[in-house]
Amino acid sequence: MKVVVDLSRCQGYAQCAFLAPDAFRMHGEEALMYNPKPDDAQREQVLRAAAACPLQAILVDLSEERDAPVDASPS
């Protein structure tokens with residue numbers, strides 16, 4: 001999973017930092033800091049945070065997960 005935030009659109013409402021604090025955090029009152037490659041365990045929180053952004057400034061790319069090889073060997 002890859003996260004990109006359009007910082008020119010972000011207005012610092014901090015909904016993302018509230019919903020996914022391990023991936024997003026505010027630095028001061030307006031500057032957003034974020035992890036561009038959050039852990040897969042944070043997936044649901046990051047997706048909720050992206051959906052909650054009032055300016056839709058957060059893009060979550062899940063294509064890396066689709067491109068990963070699948071182990072087809074029997075268990």
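**Notebook: core, cavity, cysteines**

I started with the largest nonpolar core: 16 residues, with Val3, Phe24, Val46, Ile58 and Val60 having the most contacts inside it. My rule for a nonpolar core is a set of buried Ala, Val, Leu, Ile, Met, Phe, Trp, Tyr and Cys residues joined through side-chain atoms within 4.5 Å. At least two residues of this core come from each of β1 (2-5), α1 (15-19), α2 (43-52) and β4 (58-61). The biggest giver is α2, with three residues. I take helices (H or I, at least four residues) and strands (E, at least two) as DSSP runs, numbered from the N terminus.

A note on the source: this is a predicted model, where local features need pLDDT of at least 70 and side-chain atom pairs count only at pLDDT 80 or more, while totals for chains, interfaces and linings use all residues. Residues are numbered from 1 along each chain as its sequence is written, and side-chain values use heavy atoms, with hydrogens and water left out.

Next I looked up Val3. Skipping residues up to four places away in sequence, Val3 touches Phe24, Tyr34, Asn35, Pro36, Pro38, Val46, Ile58, Leu59 and Val60. Contact here is heavy atoms within 4.5 Å.

Then Met26, which sits in strand β2 (residues 24-27). Is Met26 buried or partly exposed? I log Met26 as partly exposed because its relative accessibility is 23%; buried is under 20% relative accessible area, exposed over 50%, partly exposed in between (1.4 Å probe, protein chains only). Beyond its neighbours within four places in sequence, Met26 contacts Gly12, Ala14, Ala17, Ala31 and Leu32. Ala14 is twelve residues from Met26 in sequence, and their C-alphas are 6.9 Å apart.

I found one cavity of 30 Å³ or more; on a 1 Å grid over the protein atoms alone, a cavity is a set of points where a 1.4 Å probe fits but cannot get out. The largest cavity holds about 100 Å³, a volume being the space filled by probe spheres set on the points, which are joined across faces, edges and corners. Its lining (residues with an atom within 4 Å of a point) has 14 residues, with Cys10, Tyr13, Ala14, Cys16 and Cys53 nearest the centre. I sorted the lining into eleven nonpolar, three polar and no charged.

For Cys53, the nearest is that of Cys10, at 6.5 Å. Cys53 goes down as buried because its relative accessibility is 13%.

Key
1 Å grid on protein atoms, 1.4 Å probe; cavity = no way out; pocket = protein on both sides within 12 Å on 5 of 7 lines; lining within 4 Å. Nonpolar A, V, L, I, M, F, W, Y, C, P; charged D, E, K, R; others polar. Disulfide = S-S within 2.5 Å.
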